[in-house]
Amino acid sequence: MTEFLELEGQDGVRMTWNVVPGTKQEASNCVVPVSAVYTPIKPFPNMPVLPYAPLRCRNCRSVLNPFSIVDFVAKIWICPFCFQRNHFPPHYASISDENLPAELFPQYTTIEYQSPGEASSLPPVFMFVVDTSIIEEEMAFLKSSLSQAIGLLPENSLVGLITFGTLVHVHELGFSTVPKTYVFKGSKDVSRDQLLEQMNFFLNKPKPPTGVIAGARDGLSSESIARFLLPASDGEFAINSVLEELQKDPWPIPVDQRASRCTGTALSVAASLLGACVPGSGARIMAFIGGPSTEGPGAIVSKNLSEPIRSHKDLDKDSAPHYHKAVKFYEALSRQLVHQGHVLDVFACAPDQVGVAELKVAIERTGGLVVLAESFGHSVFKDSLRHVFQSKDKDLGLSSNGIFEINCSKDIKVQGILGPCASLEKKGPLCSDTIIGQGSTGAWKMCGLDQATSLCLIFEIVKKEMPDATVQSSSNQFYFQFLTYYQHSTGEMRFRVTTLSRRWVAGPGSIQDLISGFDQETAAVVMARLVSFKMEIEAEFDPIRWLDKALIHICSRFGDYQKDSPSSFSLSPRFSIFPQFMFHLRRSQFVQVFNNSPDETAYFRMILNRENVANSVVMIQPSLISYSFQSVPEPALLDVAAIAADRILLLDSYFTIVIFHGSTIAQWRKAGYHFQPEHQAFAQLLQAPRDDADAIIKERFPVPRLVICDQHGSQARFLLAKLNPSATYNSDGHRPGGDIIFTDDVSFEVFLDHLQRLAVQ
């Protein structure tokens with residue numbers, strides 16, 4: 001694994017196959033697609049930032065890189081993608097073998113360019129869209145978090161405020177004498193022209209007869225924009241005074257009805273206002289939602305409490321009356337936001353569903369952040385919101401306005417990207433006919449991206465079979481180049497270029513080479529993203545069957561065995577953990593939607609689709625650490641056998657962190673032994689997992705939920721649900737102090753046994 005981690009440390013890329021199957025047939029035999037998980041703006045401490053523009057190939061527009069062939073005498077470079085000969089411009093005249101420009105250094109396969117004159121003139125913009133149809137207690141929590149967040153905003157940023165309940169209120173913060181708001185009806189969508197008309201944008205400066213109204217350059221005066229978007233330094237007082245006065249929605253709610261809440265209209269008004277005032281800037285709509293949308297476009301349920309909110313069963317049976325209409329509305333909103341270059345972030349805090357499943361398309365296509373919690377008073381929400389703006393522990397590095405492009409060797413096509421981006425519909429020879437995720441394009445828009453945002457790129461090998469003589473010719477390298485043009489969090493425009501080369505193999509002797517380059521962690525993550533995608537778009541798709549078939553094919557192709565002899569079966573160390581990942585993926589919340597609402601499932605999948613390989617592996621197969629008096633903290637098997645009366649276990653499943661005390665430890669703790677000076681060691685044993693959990697929580701976004709529980713307690717279910725059920729209620733011989741799981745699920749041993757039997761047939 002270490003060499004794959006080193007490659008990621010150099011370029012921010014992990015590939016499923018680091019030795020690539022060379023032909024279409026070979027690639028389809030490999031089952032796991034040739035794909036890469038790439039983190040476009042991962043920070044590298046020693047990556048050079050060059051203060052000039054990149055040199056691009058005049059034919060395929062790829063950028064000069066260490067794999068280009070350079071003729072120093074004739075001052076020509078040959079592009080490794082299309083073999084075009086390009087002349088160096090005059091300012092490269094002094095280059096030679098000894099005097100290379102940085103972009104040709106072999107170790108700088110990832111490099112960044114910064115054009116000095118190109119800093120964006122527009123500051124970052126934050127539009128807070130706040131739900132007021134919530135109870136007083138939640139309102140108080142939300143107000144205190146918001147005023148804290150507003151105090152942490154960058155000095156130069158612009159800030160606006162919209163509140164919504166039954167109606168949408170747009171607050172005119174620039175009018176300081178009295179609080180002033182423009183009110184829109186929640187039940188019908190407002191067009192952009194109506195919005196500008198009603199908000200008196202053309203009082204002093206008449207509306208231009210033609211053309212699109214877009215910002216201070218096109219048709220709006222900067223004074224009229226400043227009424228709604230104030231600089232954070234001036235606006236802090238104005239917003240805080242509005243927040244202090246803010247009451248919960250005053251409309252009475254009948255006993256048998258839900259509160260009326262027009263989430264869709266409010267987001268649409270926010271998008272149109274930003275589109276008119278600051279198009280193309282790095283603007284974020286931050287929506288704080290405290291319940292289901294019941295009014296206007298985008299409603300997910302009617303106001304009658306007799307109608308329940310849609311469940312997975314309703315979606316499967318197509319009996320969720322509002323679902324498709326709401327998704328269609330948010331798809332249109334996402335197209336508008338992508339066109340404007342703006343981001344939608346959602347903080348959903350309610351004991352019930354709020355409609356994250358419908359909002360998913362708009363959040364994901366714009367690269368927004370999403371946090372799901374039970375209440376605005378919960379640490380998951382409060383700490384995550386603080387984390388967005390506060391950079392002392394770990395800066396998220398929020399960047400905006402990204403455009404991502406790919407170049408590949410001619411035998412490779414791109415099927416699409418699974419991750420937070422939107423297709424720019426730029427068709428070209430690179431596009432495959434098969435589309436996965438955001439496909440049939442060579443360029444993607446990333447309205448919002450941060451240092452952790454990771455895209456999963458799925459490739460297709462299109463090379464046909466070749467006669468054996470030419471199999472291992474000299475040019476057995478495939479090249480990939482990823483280009484990311486984005487606005488850095490400092491405001492300057494940057495252009496990052498990552499160029500990779502991977503060897504390809506084909507023919508009968510190639511299996512050992514393929515095995516040596518297989519990255520099983522990345523493969524598990526790609527399969528998880530693929531199965532989640534297929535579950536959402538394919539009707540009647542059976543995820544368990546699809547994963548099992550894939551696993552059996554892989555084992556029978558890459559395993560060592562004699563036919564029909566399961567006991568002879570063995571896998572190379574490169575593949576040995578892959579069946580375990582698949583076992584846990586089958587049981588994970590991405591595949592088993594039972595017991596999760598559609599909102600939770602959408603939330604888990606959105607986070608899976610934007611995180612890097614290391615974090616995604618923890619979501620699929622959680623990590624377990626055991627603490628005891630007998631040994632230092634050590635990793636434990638994710639198995640019910642890890643539970644013992646005198647142990648503390650720390651489970652990290654990414655969304656939840658569980659500290660689990662064995663029964664003896666719990667009794668000692670309740671007896672208060674850790675407060676007695678002679679039991680110092682016990683106090684340290686109790687504290688160690690707390691410290692480790694705090695370190696994880698500090699690093700992570702969204703902040704995970706911390707559960708502290710005891711063996712046989714009700715909250716112990718958070719741990720038991722993730723463990724391999726090797727001891728269940730009907731197995732013999734229980735260990736004293738251990739535990740059993742009440743389940744009929746098969747254990748990993750039985751799963752492996754069946755897998756071996758099927759693989760050797």
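Q: Is Phe 518 buried or exposed?
A: Phe 518 is buried, with a relative accessible area of 0%, where buried means under 20%, exposed over 50% and partly exposed in between, using a 1.4 Å probe and protein chains only. Keep in mind that this is a predicted model, in which local features need pLDDT of at least 70 and side-chain atom pairs count only at pLDDT 80 or more, while totals for chains, interfaces and linings use all residues. Residues are numbered from 1 along each chain as its sequence is written, and side-chain values use heavy atoms, leaving out hydrogens and water.

Q: OK, and how many aromatic pairs are there in the whole structure?
A: A search of the whole structure finds 41 aromatic pairs, counting rings of Phe, Tyr and Trp (its six-membered ring) whose centres lie within 6.5 Å, with planes under 30 degrees apart called stacked, over 60 edge-to-face and the rest tilted.

Q: What sort of pair do Trp 17 and Phe 518 form?
A: Trp 17 and Phe 518 form a tilted pair, 4.7 Å centre to centre with 45 degrees between the planes.

Q: And is Trp 17 buried or exposed?
A: Trp 17 is buried, with a relative accessible area of 1%.

Q: Which residues form one aromatic cluster with Trp 17?
A: Phe 518, Phe 558, Phe 575 and Phe 578 form one aromatic cluster with Trp 17.

Q: New topic: where does the charged end of Arg 227 sit?
A: The charged end of Arg 227 sits over the ring of Phe 201, 5.6 Å from its centre; for this, NZ of Lys or CZ of Arg must be within 6 Å of the ring centre and within 35 degrees of the ring normal.

Q: Last one: are Phe 604 and Phe 655 buried or exposed?
A: Both Phe 604 and Phe 655 are buried.
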